[in-house]
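Have the sequence and the structure open as you read.

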Amino acid sequence: MVIRRLTLTGLVILLAKLPLFAHGTMTYTVDLRDTKSHTVHVTMKPSGFSAKTAHYQMPVWAPGAYSVTHYGKYIANFKAYNKYDHILAVTRVSDDRWDIASGQSVKKIEYDVLDSHKDTTSLYFAMANIDTSIFFANATALFGYYDDDKNASAQVRYELPELWKLSCPLDPGKDPDVIDPAGAALTRNFVANNYDVLADAPVLAAPTSVPATNAPYEMGAHPFRMIASSFHEGPADYDVAVVTDGPWSSEKMDSLTYYLDRIVHAETDFFHDVPFRHYTFEIVAPTLSRMPSFAQGALEHANASDYLVADFGWPMFKGYFLSTFSHEFFHLWNVKRIHSNLLGPFDYTQRVMTTSLWMAEGITEYYAHTLLSRYGIISPARFYSDVEEWRREMEMAPPSANAKSLEELSIDESIFDMGEATLFYSRGPLVAMMLDIEIRTRTGNKKSLDDVMLALNNDAKHGKTFREEDLIKKVEAYAGIDLTDFYNKYIHGTDSLPLDDYLAKMGILANNVPVPEPHPPMMIHSASDSTWVITSLDSTSTFATSGLKIGDRLNKVNGEKITKENVMDVLFNQDTIHLTIDRDGRTSEVVVKPRPLITSMHSESGPVTIDPNASPLAAAIRKGIVGSE
Ligand SMILES: [Zn+2]
């Protein structure tokens, strides 16, 4: 998973074992034709089960989302029926579990799933968002399992409103989809071999088009719609589904698809491995005024990843989110495959207490960035600036969180805490980078963290998980060095990180990326005459130091009108801004040269000082990590 501050995302998956003997089948129908009620109706017909008392169990938590959520809380009107369609007696034994005494008589159960996307115990992409023009659900919010048999297979049919499109990474079912005369699907059928596969298949649906209008674009005033693309890379096919209410151009979709393809190429090339044949990126990208929360982020799955990201203009979107896509995709190997025995097979009724998130999240976040640099998708300077941003993020975390070791934080993440969770995406990748430099330095750059990851993946490919207490021993074995001291200081312990010492080992003397603007630098409000009024201003921002004041009316930027469509780009995505303002009835011009809003976005030539006298080893380590001199 990963979380960004406006933001996070994901953690876990497991390969399901094939059943050794016949199991039951759950045949589901999910009716999406009345999403404006903020509910969907689910029907399930069990077959091949024989327990005296039948049970229906909703998961307590979702793999990859750290929190304990109790998905059963969002189930209403649970009913069971016999073959005469008579209602059977049902006992709700907990938030998440229902017992039906006459188990062998059950022919059908049905229930409503309620919208849960504002649940504060979890993040958006682990829940269900059910609204007039959007349906998103992590599958743990939709489906439980029957008679405690997680090996039972499932057939799922989604019933769609007209002219909607649905994205789901499950394999297609045997039944043909129902297609309307215009060629759009009214039903989509899928199959899952067992509950682990079913629970790992998020679904995203929205109208394919919206009614044409001549009215000027207005942020927050449009329904959501789905825009889709696809590409082929190596032996696999990839789908990209974006649901947005913003002005998403075909050029932007082409650019996104292009960069996703490059990320996929980089990471499958790194691992020499493609553990699937089909993969789906599901992206919910509302405009700022429609964001359901300031917690952006994403969640990994075996054949998909899901994102909640604000619909910034393309340069900002690219600058901010490429590493998020890179992070989730890297999880395919690091956590979905390479994981401790505690992270699968899953017990959906118990929270997971793992010490290994420094590996699952920290190492993933490190590679999410370093591979972008190595494969030329971002510049090395941008990577160095990301390092500084991690350092700052770590220093900004609450002192109580910084007093805990990465292993302690990992255990604590079963009780989700945003302030602590963000350390896996700052201290985590910094320790991973230090570990890489440590291995490279002590082996004369003959070994690196790459060797460790490739060897762990080779084990995992053959079904081997590791015991948590053995993880560091495995890293030592594959790196060929004793890491007791490193582990005791920075993973098991709470020593402060000697980052500058480690950067020096890769020949970097100083890493002085600029301090970014405060976030947000100012707030503006749209006035009725299509001008904008500054309603608050951070005194340390360049907007304030350039002379702007609260109450100033912004008329034009760089000679152009500011609209609800372009406001984000023209104000927050430019190197130099010429503002025409009204103050006390007088018009004047103010020039602002903003510092980067998000450091890493604008640091393509970040001021990093490379040591001219660095040893050949340091230069080789630097090249190994960032891909060039
Ligand atoms: Zn993650």
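In which sense do strand β2 and strand β13 pair, and over how many bridges? The two strands, residues 25–31 and residues 153–159, run in the parallel sense and share seven bridges. If you want a spot to look at, take M26, whose bridge partner in β13 is A154.

Before going further, a word on what you're looking at: this is a predicted model. The protein has 629 residues, and 46% of them count as buried. Its secondary structure comes to 16 helices and 30 strands.

**The eight-stranded sheet**

Back to β2 and β13, which sit side by side in an open sheet of eight strands. Reading across, the order is β6-β5-β9-β3-β2-β13-β16-β15, and the pairing is mixed. At the edges you'll find β6 (87–88) and β15 (171–172); each has a single partner strand, so one side of each is left without a neighbour in the sheet.

**The four-stranded sheet**

Another open sheet has four strands, in the order β10-β11-β17-β14, and here the pairing is antiparallel. The edge strands, β10 (128–131) and β14 (164–167), each pair on one side only. On average, neighbouring strands of this sheet are turned by 10 degrees against each other, if you ignore direction. Zooming in on one pair, β10 and β11 (residues 134–137) are linked in the antiparallel sense by four bridges. A128 has A137 in β11 as its bridge partner.

| Strand pair | Sense | Bridges |
|---|---|---|
| β2 (residues 25–31) and β13 (residues 153–159) | parallel | seven bridges |
| β10 (128–131) and β11 (residues 134–137) | antiparallel | four bridges |

**A helix pair**

Now for some helices. Two packed helices are described by the angle between their axes and the distance between the axes. For helix α9 (residues 427–442) and helix α12 (residues 484–491), the angle is about 165 degrees and the axes are 11 Å apart. An angle over 145 degrees counts as roughly antiparallel, and α9 and α12 are therefore roughly antiparallel to each other. The crossing of α9 past α12 is right-handed.

Which residues meet where these helices touch? From α9 come V431, M434, L435 and E438, while α12 brings F486, Y490 and I491. Sorted by class, the contact holds six nonpolar residues, one charged residue and no polar ones.

Note on methods
Residues are numbered from 1 along each chain as its sequence is written. This is a predicted model: local features need pLDDT of at least 70, side-chain atom pairs count only at pLDDT 80 or more; totals for chains, interfaces and linings use all residues. A residue is buried if 20 or more other C-beta atoms lie within 10 Å of its own, exposed if 12 or fewer, and partly exposed in between; C-beta atoms are placed from the backbone. Two strands pair if DSSP finds at least two bridges between them. Axes are lines fitted to C-alpha atoms, for helices over the stretch in contact, and angles run from 0 to 180 degrees between N-to-C directions. Angles under 35 degrees count as roughly parallel, over 145 as roughly antiparallel, 65 to 115 as roughly perpendicular and the rest as oblique. A crossing is left-handed if the near helix is turned anticlockwise from the far one by less than a right angle, and right-handed if clockwise. Two residues are in contact if their C-beta atoms, placed from the backbone, lie within 7 Å. Ala, Val, Leu, Ile, Met, Phe, Trp, Tyr, Cys and Pro count as nonpolar, Asp, Glu, Lys and Arg as charged, and the others, Gly among them, as polar.
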